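Morning, everyone. I have one structure to walk through today. Have a look at the screen, and then we'll go chain by chain.

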Amino acid sequence: MNVLKIISTCLMTVVIILVTFKVSQNIVEDRNAHYVQKNPVVKAKKEKRVKQQEPTNNDNMISHGITGAGKTALPVKYRQNFTVYENKLYVTNDQGKTWLQVPDDDALGGARISDYLDAISESNLYLSVNKISVVYGGRGSENISVISTENQGKLWSVGSIPKSATRDLQNGYDQLFIDFLDNGKTGYVVAVRNKGTSREILAYRSVDSGVTWDEVDMDDSLYHKMLARFGL
Amino acid sequence: MILYTIKCWPDLDCRDVAMKRKANVVLCIAAIGLLVFQGFVLFIAKPKGYELIHDGVFYVINYVIIVIFIFLRVKSPYLKWIQRMMGLIFFVSNTVFFYYIGDINLVVSKSKDRQHEIILKEYKKMKYETAILQRRGLLFGKKTATLKGSSAYKTIEKNTYNVNWVGGDIAVVTYKTSDHGPLQQIFKSFRVYDDHTGFFYVGVSLTGKWVEQDNPQNYFIYDRGEMVYAKDGRLYYYSDREDTEQLGIYAVKINGDDKRPSFTVVLNSDSHIGSDDLIKDGGTITICPVTLEKSDYKVYSKN
């Protein structure tokens, strides 16, 4: 009798355990099955871009003014028409008697001349009695800038050439050239960039004294005329 | 109504009956107290967004209640059987729930100065989302957010997450939502600003050029909705309209793609917003790359 009681008790215990386990497990599975995600990953419906978005922030074609310091004397010996003194660029159009400090363009996205001191050479300068222009920039996201003064450095005008940024942070243009014709009305800017064994040469022309610049196509006869002007 | 009566154990002297009865009364009171606590957890704390940091506490308390219930003595042999069967049922079901629901991964991350703390709580076997808790007392945490996609993908279990602190008061959680999907970032800020009262758009407040303090070659520009990010000799362009997602009022996430990195810009505690909605001079930001690799977050200052 006792054995039967033990067996039936054991059986009942096992049945209770199994049934309880199954029911509890079902409750858990049911909770999981009916759980509605509160914070799912939503895939953005976005068209796949073929290429990086073109920058527009630096393509401000409108020139803006910068106040300059005017003429000044420097304790440096004249060797060329520009010099870097106390980390600032100075240019002269009277063989070093007086110097004009080229101010930084602090406009957002604009190239600052102080970042290009190592890239300035005579070809970057246009110097006349009435007008001084410096072309620089083009590294990284910064377009080529042309900064000019027609009142002996008291006021400078700076404008950038749209879509001329190399988008290369390390190597910008290897050489920049600038010249003005027709009493400063027509401007030429040529940018040279070495790419391994080949080189890329871009040409820009301004017909409004350097306020705006347009790219000159390689197939245009003017392109070759401009390059020839700079001995390229 | 079931009447529970407490009687002395067979092998005990009747002199001990009073003491045993007293002990059982204390146990009963303890069980009732524990039941009240469980009720508080389930019906008061949980609906208000509070939960036990360690779910195991809940199930351990259940075990204690079950043990007390089993040790209560009843006169009737039938009631005794019912009591034992119910005890067994409670024990088994509590074990099953403990195994499935109570099995959690817990990550407790503290700021360097140990002033702030966030807790990530992930259910290993349940589809419940991984919660970010803010500690409330010893046992409880207040749910402040959940990780996106964590219902289907258990990022802590797979060790595909990391927690970093920016400026000592903002926790940045970077995590995966699938084995091959993009990484996500979520922020928990403990910062208290005393000089602003409302929402402002983080993107616009960043207008200007920001240069990495340790490496001026790296910079970030925000200008009229367009962004330029120069990093390690490469340039990336983003559009505020298409690529950003504001996170709270201290951060904006810039979403990249397979060719552009994703990162988050966080306003540091020294960044204060002026009346023109721009960050005042002297403020700094931190750029946090969205990556699981160990990379330092870099501080940028306005150029």
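One definition before the numbers. A residue counts as buried if 20 or more other C-beta atoms lie within 10 Å of its own, with the C-beta atoms placed from the backbone. By that cut-off, 29% of the 303 residues in chain B are buried. And please keep in mind that this is a predicted model.

Let's stay with chain B. Its secondary structure has five helices and 17 strands. Now the contacts. Take the pairs in chain B that are at least 6 apart in sequence: 47% of those contacts join residues at least 24 apart.

Next, a sheet in chain B. Three strands make an open sheet, in the order β6-β7-β8, and the pairing is antiparallel. Why does one side of β6 and of β8 lack a neighbour in the sheet? Because β6, residues 161–166, and β8, residues 183–189, are the edges of this chain B sheet, and each has a single partner strand. On average, neighbouring strands here are turned by 20° against each other, ignoring direction.

Look at one pairing in detail. Strand β7 of chain B, residues 170–176, runs antiparallel to β8(B), and seven bridges connect them. One residue pair to find on screen: B:I170 faces B:S189 in β8(B).

Over to chain A. Here we have two helices and 13 strands. Of the 232 residues in chain A, 30% are buried. For contacts in chain A with a separation of 6 or more, 55% come from residues 24 or more positions apart.

Start with the hairpin. Strand β3 of chain A, residues 82–85, pairs with strand β4 of chain A, residues 88–91. The sense is antiparallel, with four bridges. Two residues sit between β3(A) and β4(A). Which residue in that turn has a positive phi? That's A:E86, at about 50°. In the pairing itself, A:Y85 stands opposite A:K88 of β4(A).

Then the sheet of chain A with a helix on it. Four strands, open, antiparallel, in the order β10-β11-β12-β13. At the edges are β10(A), residues 175–181, and β13(A), residues 214–216, each pairing on one side only. From one strand to the next, the twist averages 25°.

One bridge joins A:A203 to A:V216 in β13(A). Helix α2 of chain A, residues 221–229, packs on this sheet. It touches β10, β11 (residues 186–195), β12 and β13 of chain A. The direction of α2(A) makes about 105° with that of β12(A).

Last topic: the interface. How many residues of each chain are in contact with the other? On chain B it's 37, and on chain A it's 28. On the chain B side, the elements giving two or more residues are α3 (77–100), β9 (208–212), β10 (219–223), β11 (226–231) and β12 (234–239). The most comes from α3(B), with eight residues. By residue class, the chain B side divides into 16 nonpolar, 10 polar and 11 charged.

In chain A, α2(A) packs on the four-stranded sheet. In chain B, there is the open sheet β6-β7-β8. Between the chains, α3(B) gives the most residues on the chain B side. That's it from me.

How values were computed:
Residues numbered from 1 in each chain as written. Chains lettered and ligands numbered in written order. Predicted model: local features only at pLDDT ≥ 70, side-chain atom pairs only at ≥ 80, totals over all residues. Pairing = 2+ DSSP bridges. Axes fitted to C-alpha atoms, helices over the stretch in contact; angles between N-to-C directions. Contact = placed C-beta atoms within 7 Å. Nonpolar A, V, L, I, M, F, W, Y, C, P; charged D, E, K, R; others polar. Buried ≥ 20, exposed ≤ 12 C-beta atoms within 10 Å, placed from the backbone.
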